[in-house]
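Please read them beside the coordinates.

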Amino acid sequence: MTVLLEFATAEGAVHAVRTLTAVGYLDIETHAPFPLTEDEARGRGGSFPIAPLALGAGVVAMAAAYFIQWYANVWSYPIDTGGRPLHAGPAFVPTVFETIGLIATLAAFFGFLLLERLPRLWQPLFDVDGFERSAVDRFWLELETDDTVEAVDRVTRDAMPLEPLRIVIGSDT
Amino acid sequence: MSAQVLVAPPDLPVTTAGDREIVEAVLAPLRTTPPLWWVLFAICAAGTVLWLGAVVYTVAAGIGVWGNNIPVAWAFAIVNFVWWIGIGHAGTFISAFLMLLNQPWRAAVSRIAESMTLIAVAIAGTFPLLHLGRPWFFYWLTPYPSTMGVWPNFKSALAWDVAAVVSYFIVSTTFFYLGAIPDLALARDGLQGRRRRQVYGVFALGWNGAGTQWRRRRAALKIIAGIVAALVVSVHSIVSLDFSIAQLAGWHSTNLPPYFVIGAVYSGVAMVLVLVVPIRRLYRLESIITLDHLDKLARLLLTIGLLLTYCYVVEFVIASRSSDPLERTTYLQHWPFGYFGWLFWLMLVFNVGTPQLLWSARLRRTPAVLAGAGVAILAGMWLERFIIVVASLAQGALPSSWFAYRPTWVDWSILAGSLSLFGLVFLLFLRFVPAAATDELRRDRFERAARVQR
């Protein structure tokens, strides 16, 4: 069962995250128009492999770019321009460097999309009335609870003193 | 007595606008269009027609309609290419370097600077393509398995250029887009009208502002910022290698890569000022891009101006000590007193003289002066490339082949038209893309408030 709490201010939302965490809610996701501070903008995703992904892609790109140049200029189409060596390592460096940057960037970007499973133009959350303001000026907390009446009651009881604008109880988001 | 370490308060510009005000200021241009926008749009559209006409004429008739001829084989096309690529450096410089250095004030101008970069680099790319003569064969420059069995020569600086410019453009676009996603979501949810919200919704990719998303996006952005910071230095270095690996006095110098990179960032920051000063007035962004921000940019411009001056000095000292008589003659006679001598001195006035105004704190906080200085420096940087490219080629080792280059009307039309095209695309950007990184501005405000409370 998902419980959503809507807050008018970032301060209110951050205070709520701290309070609820202290009383034992560990599975809280925030939705805010700007990133709340690192420890507060907690989320379900643990560590994420974007950096190793970019590094790996960069290494592969380095090898591929060097190989393509070697294959093209030494093996497939050797042409002697002014007696320069066919296999000219230093002259291959600029293209290798640029290719590393290009491929590593694309890996970081698409890695981000993949991890976040974007694009996802519609999500169940978007059907919650007023949730669109989470991109403008409202701050939402998303909690997971057990699927029992008691559990939902407990969340409501714990959340009430935090003065959320609204508490939305959904079956599944 | 225990020594107390005093830490000076960071002297950083702060956006004075409130939370609501930031959102409204950024969404307002997407809602309504000021009359002046239409006037500028009409002017730029007319100029773009001129550009299109000149380009079509060039492609149809061949590049013989340009003024360049042996020995001045490279002229306006390459000058404009280097100039536009240079302008396209500031966006990334401001965004990526200042992001890595944790300078939150960059958020006020980063979006404008990044979009300027993309447009400038795209326009720069058109010049070498046209210079190919048969631009429809441009893909021959890329390594692809062709039935002809021919590959590009990767020992050529021109092949490096292709890799550098194409990579830089794609990487900058990615950086720009990833940075803009939350603001596109803001437009999706903050604007009225179904069609508009659908279009922004598609570009926002389904962003839902979850803490995890913010963290992952930041991780990706930081990595790309690190890469693009390295690329930005490499791109103009590689462009400079077009010149420095050639055996020509005025070009053949190991000094060129750093000198070109500094010049590139110089013209880019100048262009940022030229754009930001009118925009903040037209769209009432004075509380987001404050005088403090302009002051910071002006200091950046002054610093880079001094660095460039140092490069000039180094270049001439090295040339004057050279054992190659042609190199000495090129730098000490042909550039300052040759066919284009007056342009050389004009360049020095613009590039070395103009930034000296910015020692004055009062002038640094006068927007009109900054925009004027920006225009002068842009002109100066164009002249610098003209001197390097044309003045070096026009008077070579053999006086009998000297050639007093003159551009034709087609050359001028393409240059003026490229400025209009830039203006046109930039105006469209202002109309349709949120012009400041609201998430960073608002987070900065939030953190500041939290610090005050503590």
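1. Chain A runs β-α-β-α-α-β-α-β along its sequence, with four helices and four strands in total, where helices (H or I, at least four residues) and strands (E, at least two) are DSSP runs numbered from the N terminus. This is a predicted model, in which local features need pLDDT of at least 70 and side-chain atom pairs pLDDT 80 or more, while totals for chains, interfaces and linings use all residues. Residues are numbered from 1 along each chain as written, with chains lettered from A and ligands numbered from 1 in the order written.

2. The C-alpha atoms of chain A fill a box of roughly 85 × 30 × 25 Å along the principal axes. The radius of gyration of chain A, taken over C-alpha atoms, is 26 Å, whereas a compact globule of 173 residues would have a value near 16 Å, by the rule of 2.2 Å times the number of residues to the power 0.38.

3. In the interface, 58 residues of chain A are in contact with 52 residues of chain B, contact being C-beta atoms, placed from the backbone, within 7 Å. Strand S2 (28-31), helix H2 (50-76) and helix H3 (89-115) of chain A each supply at least two residues of the side that touches chain B, and H3(A) gives the most, with 17 residues.

4. The largest nonpolar core has 161 residues, and those with the most contacts inside it include A:Ala108 and B:Val272; such a core joins buried Ala, Val, Leu, Ile, Met, Phe, Trp, Tyr and Cys residues through C-beta atoms within 7 Å, buried meaning 20 or more other C-beta atoms within 10 Å of a residue's own.

How values were computed: A residue is buried if 20 or more other C-beta atoms lie within 10 Å of its own, exposed if 12 or fewer, and partly exposed in between; C-beta atoms are placed from the backbone. Two residues are in contact if their C-beta atoms, placed from the backbone, lie within 7 Å.
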